[in-house]
Structures are given as structure tokens and as C-alpha cells.
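Keep the 3D view open as you read.

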Amino acid sequence: MIYLDNAASSPPYKEVLDEYYRIWRDFFANPSSAHNEGKRAKEILEDCRLRWAKLLNVKPNEIIFTSSGTEADNMAIKCIPWGALKKGDKRKKIVISSIEHKAVSNSAKFMKDQGFEIIELPVTHSGYVDLEVAEKVIDERTLLVSVMAVNNETGVIQPVKELAKLAKKYNAYFHTDAVQGFAKIDDYHNLSGLDIDSAAFAPHKFNGPRGAGILYIKEGTPIVPLLTGAGHEDGRRAGTENLPAIFSATLAGEISLKMMKEMNNKFREYRKLIINTFYECGWNIEVIGNDALTIDSIIALRIENPEIINFVEYFSENGIAISSGSACASSEYKIPSPILVAMGYSQDKALNFIRISFGFLTTQDEINKAVDIIKSMKKF
Ligand SMILES: Cc1ncc(COP(=O)(O)O)c(C=O)c1O
């Protein structure tokens, strides 16, 4: 099987897997324990916080370790407004984009039930948040704006810098779901250069483990805990820290950032080769998103072919693992991609959608094999 679904989850680097095992074996003690074993574990935990602060160019106390990207997004969307409310902030307006991952959009829905007003920013036909509309929508009543760094289905890079600036003009907090942006584009290893208050990261997207997530939260941003319990993470996120996952996530982050440029060059070539193969073989495809605004590791395609109902299954039967958009929705292949619908595609057109995504461990040999397979596949 040629694995081209790295945007859903990526295989671990060998050293990440080895270190996960070593840290679990040698540093299993609870980092909150007072004995020496606990202190040794705590030292490793705090060193990881320092290393993440360095990776993102922020302060160590601005890093909170969570269990996943989803948890980090939940914290930002729920706990910043609650934290602000607790401090007497009267604003209730939360602005998100119409193409957010469910970790953000369903958290916003939850906040709607809590009495907050939720406004969705539309996207253009190329999948980019509409800045003109944003200028009209974001105002002095806005408490929080949340727009993702890179869309997980189309790979389109969003105008986070411009939107964060707009939010700051009105003193609103700005969160970005950077799960698909880290180690893909430059902005997300220098958060100080973006006018943002929080950002969510998920290591299993860059060859790290599941069971760990990272939330950057700018010093001074109001936040209450989502999980209450003991005083872990400086009282901001209760639950004994998952040290093997946090340590190997840190290592994966460092390796991925170091290799980012080289990998993006490689992905650009893979991208061209795969897209050209579809065209050369006569597949009726449409590449989604504008090349200039899309990360190199994701190809989003619409394929016109009424004979094939489930493209993911069809490609899988032929030896290539791809996805029909978000992994969370890939079993629902009869449901049109909500992202394409938000981009203005009809329900019918949004059905025939596939996502091919490369990872740090994807090799030229695998791509050559994928090309051969695509060439040999029946188009009906
Ligand atoms: C853009 C985006 N945000 C959030 C998430 C959720 O992250 P996790 O799988 O770590 O919960 C994902 C995962 O698919 C994602 O792609």
C-alpha cells in the first residue's frame, strides 16, 4: 500500500518511536511526584516546554501540553471567552471561518448554546477566507476570532496575518488552528511575528505521536481550564502529563522543522508528477485551490466519474491510501465535502472529491509506484 494520507495522520520517525519507548521505560514516574524519579520526569517535561518555546519563538510559560489538537482548539474556543467573561468582558461575538475543522466549528456551536453569538466568515471560490467580508464583520463587539492556518481538505493557506491584525485593531483575541500549518509554512515557527493570542498543534500530523497536543497561549490572555483537577500545567490543564508522547512530539517537531524546506521542495515535485499523471491518463480532474496559496504536501482534486462511487475505496483496492477530505468524514463518502460546498461547489460536485497528502517519510520510489498504479487504473 502506498500511503498518501499524511494529512490525516503520519507514520512516526524511527527515532521518535525509539524515544517514546525509552522515555516511557526510563521516566515513567509522575512528573508531579516529590521523589527523585518524579523530579527527573519533571525536568524532562520542562525541557520539552523550553524546546517548544524555542520552536515557536515564544516563552515557555506560553506552552500548554494537551492530549490532542482537538483539545487545544477546544481550550481556545471555550476557555478564552470564559476567561474573558470571568474578568468582566461583556463581548459575546465569536467569529470563525466557514471552513474550520470540527474541533473549532463544533466548539463554536457549543458556545452558541452557552449564549455567545457565532458568525461564520465565507471563503472565496479558491477556498481563501474573504477578507472584504471580514473587514465588515470584525468590530468592537468581537471577543474572539478563530481562523485556521491551512485548511485540512484543500491545503489552502489562510490569511491569518491579515485577520489577526484586523482582530487586534478591535482588541479581539485571535486563535489559529495551526494543526496543518506547522512544519509546512514558515509562519508557524515564529509566532511572535504573527499577531495571535493562541495556536493549536497536533504532533501526529508531523510524524509524532497521538496523545499529545500543544496549545500556545500568549502571556496575559485570559483563560480558565477546560479540564479541572490537580494543578498540572500551572493550573491551566489538569491531568498527569503524557511524558513519552510530549517528549517524542517535541523531537518530531524539531526534526520536521529542520527538514521543512527540503521536504517542501520534494513535495512540489511529487505534486506536479501526480497531477500530470492524472491529466496524461485522461482523468477528468479539477485541482482545487490556487497553487500559489496551497501547501505543497496536499493535492485536493475533484474527479468527474459517475462510475466510481467511492474513490477512497477504489484507490485503496488499487494499492493507494488516500482520503475523501477530512479523515473524520472519510467514512461518510456519500456526504459532499462541506469545505467544497463552502467554496461554492454544488452538492453533486462536492461529492467527487479526493485528497492526496505527502509526508516526510514519502519516498520518490513510492511516488513512482503510485504513478504506475494510477496509469494502470481503469477510468471506466
Ligand atoms: C485542521 C485540523 N484541526 C484539528 C485537528 C484535530 O487534531 P487531533 O486529531 O490531534 O485531535 C485536525 C486533525 O485532523 C486538523 O486537520
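Phe201 is found in strand S7; helices (H or I, at least four residues) and strands (E, at least two) are DSSP runs, numbered from the N terminus. What you are looking at is a predicted model, in which local features need pLDDT of at least 70, side-chain atom pairs count only at pLDDT 80 or more, and totals for chains, interfaces and linings use all residues. Residues are numbered from 1 along each chain as its sequence is written.

Is Phe201 buried or exposed? Phe201 is buried, because 30 other C-beta atoms lie within 10 Å. (A residue is buried if 20 or more other C-beta atoms lie within 10 Å of its own, exposed if 12 or fewer, and partly exposed in between, with C-beta atoms placed from the backbone.) Setting aside residues up to four places away in sequence, Phe201 touches Gly69, Ala72, Ala178, Val179, Phe182, Gly213 and Ile214; contact here means that the C-beta atoms of two residues, placed from the backbone, lie within 7 Å. Phe65 is 136 residues away from Phe201 in sequence, yet their C-alpha atoms are 9.8 Å apart in space.

One of those contacts leads us to the next strand. Phe201 stands opposite Ile214 in S8, and strand S7 (residues 198–201) pairs with S8 in the antiparallel sense over four bridges. Two strands pair if DSSP finds at least two bridges between them. Strand S2 (residues 63–66) is also joined to S8 by four bridges, and these two run antiparallel; here Thr66 stands opposite Gly213.

S8 itself (residues 213–217) is mostly covered, with five of its five residues buried. In a regular strand the side chains alternate between the two faces of the sheet. In S8, Gly213, Leu215 and Ile217 are buried on one side, and Ile214 and Tyr216 are buried on the other.

Now zoom out to the whole sheet. Seven strands form an open sheet in the order S2-S8-S7-S6-S5-S3-S4, with mixed pairing. S2 and strand S4 (117–121) stand at the edges with a single partner strand each, so one side of each has no neighbour in the sheet. Neighbouring strands are turned by 20° against each other on average, direction ignored. For an example of parallel pairing, look at strand S3 (residues 93–97) and strand S5 (residues 142–146), which are linked by four bridges; Val95 stands opposite Val145 in S5.

Helix H3 packs on this sheet, touching S2, S3, S5, strand S6 (173–177), S7 and S8, and its direction makes about 160° with that of S7. Axes are lines fitted to C-alpha atoms, for helices over the stretch in contact, and angles run from 0 to 180 degrees between N-to-C directions.

Pro81 lies in helix H3 and is buried, with 25 other C-beta atoms within 10 Å. Beyond its neighbours within four places in sequence, Pro81 is in contact with Ile94, Met111, Phe116, Leu143 and Leu144.

Where does H3 meet its helix partner? Gly69, Thr70, Asp73, Asn74, Ile77, Lys78 and Pro81 in H3 meet Ala103, Val104, Ser107, Ala108, Phe110 and Met111 in H4. The axes of H3 (residues 69–86) and H4 (residues 102–113) come within 9 Å and cross at roughly 30°. H3 and H4 are therefore roughly parallel to each other (angles under 35 degrees count as roughly parallel, over 145 as roughly antiparallel, 65 to 115 as roughly perpendicular and the rest as oblique).
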